[in-house]
Amino acid sequence: YNPETNVQSEMILPLREHGVLLAGSPAAAAFDESDVSLAKTLTATATAALERIERTEALGLERHRLQTLFEMVPEPIVRIRLEDGHPVLEDGNQAFEETFGHSVDEAAGESINDLIVPPDRRSAAEHIDDHVTKDQRVRKEVQRQTADGLGDFLFRSVPVEGFEERDEYFGIYIDISELKT
């Protein structure tokens, strides 16, 4: 209450860490139970909306960080969706495009095996697919068809967890061709 104003009635309701809702009236005893109930509903709704905005902003920042990491890592990285046990390219970084010579925009939705696995390595690739389908991490030396010919890579799979309706993993290809010569 501030005696220097003509406010005779006031409600002060918390908005958690966001502040308070202050309502005032020049009339004494201006707020009844329905006004208080409505004000409480309003503050609960406003608090929930403010917290949702904060969560959305935090998720956007986290998504931006992950996308920056995905793009800035110098090794080829792909995000793969398993469709009936078959690996389908969802996304890839610039290093993937440069190394393997496939535009992600054009290759998205295609089998990663069809794109980069040499025909004589199909059986080994399908064996890797079986392990990944069972949510097993894979770390294996593989040969893949690059834009410049056959290359040797250390392949690592990283399952994306928390999405039961969608089986996904990241595939990371570390070029070890120079170590093989």
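Q: Which residue stands opposite Phe170 in S7?
A: Arg79 stands opposite Phe170 in S7. Strands here are DSSP runs of E with at least two residues, helices are runs of H or I with at least four, and both are numbered from the N terminus.

Q: What should I know about the source?
A: This is a predicted model, where local features need pLDDT of at least 70, side-chain atom pairs count only at pLDDT 80 or more, and totals for chains, interfaces and linings use all residues. Residues are numbered from 1 along each chain as its sequence is written, and side-chain values use heavy atoms, with hydrogens and water left out.

Q: How do S3 and S7 pair, parallel or antiparallel?
A: Antiparallel, over 5 bridges. S6 and S7 also pair in the antiparallel sense, over 8 bridges, and there Ser157 stands opposite Gly171 in S7. Two strands pair if DSSP finds at least two bridges between them.

Q: Back to Phe170. Which aromatic pair is it in?
A: Phe170 pairs with Phe70; the pair is tilted, at 6.0 Å centre to centre with 55° between the planes. Rings of Phe, Tyr and Trp (its six-membered ring) pair if their centres lie within 6.5 Å; planes under 30 degrees apart count as stacked, over 60 as edge-to-face and the rest as tilted.

Q: What does that pair tie together?
A: Phe70 lies in helix H1 (residues 33-72) and Phe170 in strand S7, so the pair links parts that are 100 residues apart in sequence.

Q: Is Phe70 buried or exposed?
A: Buried, at 7% relative accessibility. Phe170 is partly exposed, with a relative accessible area of 21%. Buried means under 20% relative accessible area, exposed over 50%, partly exposed in between (1.4 Å probe, protein chains only).

Q: What about Phe100 and Tyr173, how are their rings set?
A: They are edge-to-face, 5.5 Å centre to centre and 70° between the planes. Phe100 is in helix H2 (residues 94-100) and Tyr173 is in S7, so this pair joins parts 73 residues apart in sequence. Phe100 and Tyr173 are buried.

Q: Which residues form the aromatic cluster?
A: Phe96, Phe100, Phe153, Phe155 and Tyr173 form one cluster. The structure holds 6 aromatic pairs.

Q: New topic. How many residues has the largest nonpolar core?
A: It has 21 residues, and those with the most contacts inside it include Val78, Phe96 and Tyr173. Such a core is a set of buried Ala, Val, Leu, Ile, Met, Phe, Trp, Tyr and Cys residues joined through side-chain atoms within 4.5 Å.

Q: What does Val78 touch?
A: Leaving out residues up to four places away in sequence, its contacts (heavy atoms within 4.5 Å) include Leu89, Phe96, Ile112, Phe170 and Tyr173.

Q: And H5, which of its residues are buried?
A: Ala125, Ile128, Asp129 and Val132. What covers them includes S3, helix H4 (112-116) and S7.

Q: Where is Asp84?
A: Asp84 lies in the loop between S3 and S4. Asp84 has a positive phi of about 55° although it is not a glycine, and at 75% relative accessibility it counts as exposed.
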